[in-house]
Amino acid sequence: MQTENLTEILRQHPFLAGLSDAHMEVLIGCASNVRYAEGAPLIQEGEIANTFYLIRTGRVALETDVNARGKIRIQTVGPGDVLGWSWLISPFRWHFNALAVAEVRAVALDGECLRKKCEKDHDFGYEMLSRFSHVMERRLEATRMQLLDLYTTSPGAHV
Amino acid sequence: MYIIDSTELHNLMEELIKRGYLLIGPTVRSGAIVLESIRTVDDLPRGFGDEQEPSHYSLKRRNDAMLFGFVVGPVSWKKFLYPPRLTMFKATRAGKSFTIAPEGTDKNRKLAFIGVRPCEVSGILMQDQVFTGGKYVDRAYKAARDNAFIVAVNCTVTGGNCFCASMGTGPGATRGFDIALTEVLGGGKHYFVASAGTPRGEEVLGAVTQREATEPESRSALDAVARAAESLTKRMDIRELPQLLKDNFENPRWDDVAKRCLACTNCTMVCPTCFCSTVEDATDLTGMHAERSRRWDSCFTLDFTKVAGGNIRPSIRARYRQWLTHKLSNWMDQFGTLGCVGCGRCITWCPSGIDITAEVDAIRGNSVHA
Amino acid sequence: MKHETIQPPAAPGEGLRLHTVTVKKVIWETDDTFTLQIDLGEMGETFSFLPGQFNMLYVFGLGEAAISISSDASQGGMLAHTIHRVGTVTTGLAQMKRGDVIGLRGPFGTAWPITAARGKDVCIVAGGIGLAPLRPVMYAMLRERTAFERIILLYGARSPLDLLYRVELEEWAKEHNVEVLVTVDRGDSSWKGYIGVVTSLFSYLKLDARATVGYVCGPETMMKYTIDEMERRGLAEDQIYLSMERNMKCAVGFCGHCQYGPEFICKDGPVFTLPRIRHLLDKKEL
C-alpha cells in the first residue's frame, strides 16, 4: 500500500514524467516520503550529500553563508522542482544550506542507493543523468539571467 | 507645354515675387552651388557646371550659357521646409507653474523654390510622407510646405554620382511640382519648355507666357532629358532590395564599410530625405525662462541610441547598417517607398568616398541569397 | 482583430502640444522608483487613454521623458506614472511636490488588446518597472472580473525592497482571485517568497495553453526568456503580446530615435504582437 502510494506520487512529479515502469521500480527502492515544517533545514552546507528531493508542495530556500554579509538567499525551489545534485558528483558534499520557508512535502531519494543502482544498470543511470542534466541546464540558464541584474536599467529610461 | 525664352525667365521670377513669394534658388557661393535667397536671373549659376565623384566636388566653367547646367550641390531643399534648428516653444515660470508659448516657422512666409531637381522633388514628397502622411502632422512643416511653390527643372546634364533613373526619381519630374521646366540650348536658341503640375502653377504660367511649345520644341526638351538618362553612369540595382537587406543583417560587408566610415554624419546632413532630429532644453541664468528647440540629428552619432547603462548601437558597423537599411529597406515598410532618391550627395560629401551604390552591390555580391 | 494591438486615435493637440498639469502626490514605491499622481485639470475633460499607452512628461527647462501610464483608465481626470529615477528628467520629476506643475503630452502608442482576452485566461508576466504599464490592464480586467477566466500575474523584481505596488499585489490575490506569483533575484532571510528568475515561476503553474493570452513587459532579455517559456508551454505566438522600449524624443514618429527595424516603437508600439517583431528580437545592435 505504502509503495503503491509512493509510485503514484512519483508518477505525478514532472522530473519523472515518462519514466518506464521498470525504472520506476528501481527508483522506488531508494525513495521515502518526507515532510519539513517551516524553518526546518533540509540540507546543511559542508555535510555529506546523500539525498535529493522531489518537491511536492511548499518552498525551499537555498542559502549560503557569506561571512560578514550573513546568509544570502540565492534561490527558491518549489512544487515540481528537484533539490540537490551533489549526491551525483564527487566529493558528494553540499555547497549550500536549504531550509523550508513554507511547509514542505517531498520525496527524498537516497543518493548512495541510487548511485549503486546507476552503476549496476547503466540504462537507468543514463536516464537519471539525462534528467539531471536537463534540470542543471535550466538552472544554469536561470542563474545566468539572475546574474545579469536586468532590472537595474531599461532601454528607454535614461533621461 | 509652354515656351519661356531664356530672356523671359525673369518674368516668371517677378511674377512669383509679385505674388508674395520669396525666391530661393541655386547660386554660386564659396566654390559650390548652394541654395539661397535670389532675386533675379543673374543670381543663377549661368555657365557653371559641377564635377562630382566619390568624396569630390568642384565647380567648373561651362562653355555655354546654361542656367541649370549643373546637378545638385551640398544643400538640399530640406532645410527650407524642415529647418536645421527650430524653436518649438518658450516657457516662462509663474510661481509653481509655467506658461508655454508655442513657436514655429513663420506661417505667412511663402517661398518659391526655383530649380528643384526631379530627384529633389521626390525627396520632398518622401518627407511629406514622414511629416504629414501619418496620424500626426508636423504643423511647422505643413505650413512651410503649403506655402512653398515648386519650380522644378528637369535634368539635361548628369553628375558622376547621380543614379536617379535607378530610383525612378529622374532625370525628368513627373509629379510634385507647380511648374516644371526643361532648359534647351542649341542651334542659336535658348529657351525653357514649361508645363504646369497644379492649378496655381497653371495660373502663374498663364501670366508669364502664352506661347505654346511647338512639336519640335517639345521634342527637343524630351530628347534632352532622355539623353541625360542615357548618360547616367551610376546605377543601383534595387530588385528586391528591401528583402535582400533584411536577409543580410550579418553580411561581412558591414564590417568592411565600418572600417571606412568615420561616422561624421555628413551623408545624413546632405541627404534630402533623412529626417531624424533631437531636442534640446535650456533655461536662462535666472531660471525663469526655458526653451525647447529641435535640431537635425543623425543615426551616426553615438548619442542617438544612448540608453541607461549603454548604447543600442555602439559600433559604427551597426550605425552604418541602420542608415543604409533604413533608406533602402525599412523605409518601404514605413512609408511605402524606398527612402533614397539617387541624388548622390552622400557619395560626393563622404570624406571617405563611401558609395551607397557600391555598398549595395557588394552586399548583393556577398548575399546569403547570391 | 484579435491578432492586432489596438491603435487608438491621435493624442489631442496633434501630439506635439504640451499641456500643463498639476502634481497631486508623489508616492515612493521603492528607493529609486516613485509614482507621480497628476491632476489633469481642464485637460481631463478630453483626455482618455488605453492601458499600455504612455505620455511624454516635461520638467521645466530640463526636458521630456517617455513614461507609461500606470493608473486606472476609467479614472479620467487623474493619472499616475510610475517612474524609475535614472537621469536628469526623471530626477527632476522625483523632486516634484504637491502643487508643482509639469508639462504633459499624450497619450501615445498602442494598447494591450484587453477585449481580445475576454473569455480567456490571461497570463501577465512583468519584470521590474515593467509592471507599471500592466497595472492599467489589471484595473481594467478587475472592473469586469467575470469577463475573464483565470488571471495570472508573474512578477519578478530585483529584491523584496524593489517590489512595486505590494499592497495591491496582495489585494489582487486575496480579493480578486488573481493568481499572483512574485519572485526576486536576491532575498534575505526575511523573504519567504520565491527567489529566482521570473520564468522559473512557470513551473508552478498549469496553463491551458489554447485558452491563454500572454502579456509581457520587462527588460528585453527577460521578455525573450518569457516568450520561450510560454511557447514551450504551448501558447500560440499570436496570443503573446509584449511592450518594447527605446530612447525617444518626439513620440509621434518624427525624430527617428526609437526605430526598431521597420517599427517605430512610439507609434507602431510600444505594445506589439509577438509575430510582428519576433524576427527582430535576436538581432544585435538593431
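This is a predicted model: local features need pLDDT of at least 70, side-chain atom pairs count only at pLDDT 80 or more; totals for chains, interfaces and linings use all residues.
**Exercise 1. In which loop of chain C is the place of Ala251(C)?**

*Solution.* 
- Step 1: Look at the strands on either side. Ala251(C) sits in the loop between β12 (240-243) and β13 (259-260) of chain C.
- Step 2: Check the backbone. Ala251(C) is not a glycine, yet its phi is positive, at about 75 degrees.
- Step 3: Count neighbours. A residue is buried if 20 or more other C-beta atoms lie within 10 Å of its own.

**Exercise 2. Repeat the analysis for Phe92(A): where is its place in chain A, and what does its neighbour count make it?**

*Solution.* 
- Step 1: Phe92(A) belongs to the loop between β5 (82-83) and β6 (97-110) of chain A.
- Step 2: Its phi is positive, about 55 degrees, although Phe92(A) is not a glycine.
- Step 3: Exposed means 12 or fewer neighbours and buried means 20 or more, with partly exposed in between. Phe92(A) has 15 C-beta neighbours inside 10 Å and therefore counts as partly exposed.

**Exercise 3. Describe how helix α1 and helix α6 of chain B pack.**

*Solution.* 
- Step 1: A pair of packed helices is described by the angle between the axes and the distance between them.
- Step 2: Read off the values. Helix α1 (residues 9-18) of chain B packs against helix α6 (residues 199-208) of chain B at an angle of about 125 degrees, and their axes are 9 Å apart.
- Step 3: Classify the angle. Roughly perpendicular covers 65 to 115 degrees and roughly antiparallel begins over 145. α1(B) and α6(B) are therefore oblique to each other.
- Step 4: α1(B) and α6(B) cross in a right-handed way.
- Step 5: Name the residues. From α1(B), the contact uses Asn11(B), Leu12(B), Glu15(B) and Leu16(B), while α6(B) supplies Val204(B), Ala207(B) and Val208(B).
- Step 6: Five are nonpolar, one is polar and one is charged.

**Exercise 4. What does the radius of gyration say about chain B and about chain C?**

*Solution.* 
- Step 1: Begin with the elements of chain B, which has 13 helices and 15 strands.
- Step 2: Apply the globule rule. A compact globule of 370 residues would have a radius of gyration near 21 Å, and the 22 Å of chain B agrees with this. The C-alpha atoms of chain B fill a box of roughly 70 × 60 × 40 Å along the principal axes.
- Step 3: Turn to chain C, with six helices and 15 strands. Its radius of gyration is 18 Å, close to the 19 Å that the globule rule gives for 286 residues, so chain C is as compact as a globular protein of that length. Its box is roughly 50 × 45 × 40 Å.
- Step 4: Buried residues form 48% of chain B and 55% of chain C.

Note on methods
Residues are numbered from 1 along each chain as its sequence is written. Chains are lettered from A and ligands numbered from 1 in the order in which they are written. Helices (H or I, at least four residues) and strands (E, at least two) are DSSP runs, numbered from the N terminus. The radius of gyration is taken over C-alpha atoms; the globule rule is 2.2 Å times the number of residues to the power 0.38. Axes are lines fitted to C-alpha atoms, for helices over the stretch in contact, and angles run from 0 to 180 degrees between N-to-C directions. Angles under 35 degrees count as roughly parallel, over 145 as roughly antiparallel, 65 to 115 as roughly perpendicular and the rest as oblique. A crossing is left-handed if the near helix is turned anticlockwise from the far one by less than a right angle, and right-handed if clockwise. Two residues are in contact if their C-beta atoms, placed from the backbone, lie within 7 Å. Ala, Val, Leu, Ile, Met, Phe, Trp, Tyr, Cys and Pro count as nonpolar, Asp, Glu, Lys and Arg as charged, and the others, Gly among them, as polar.
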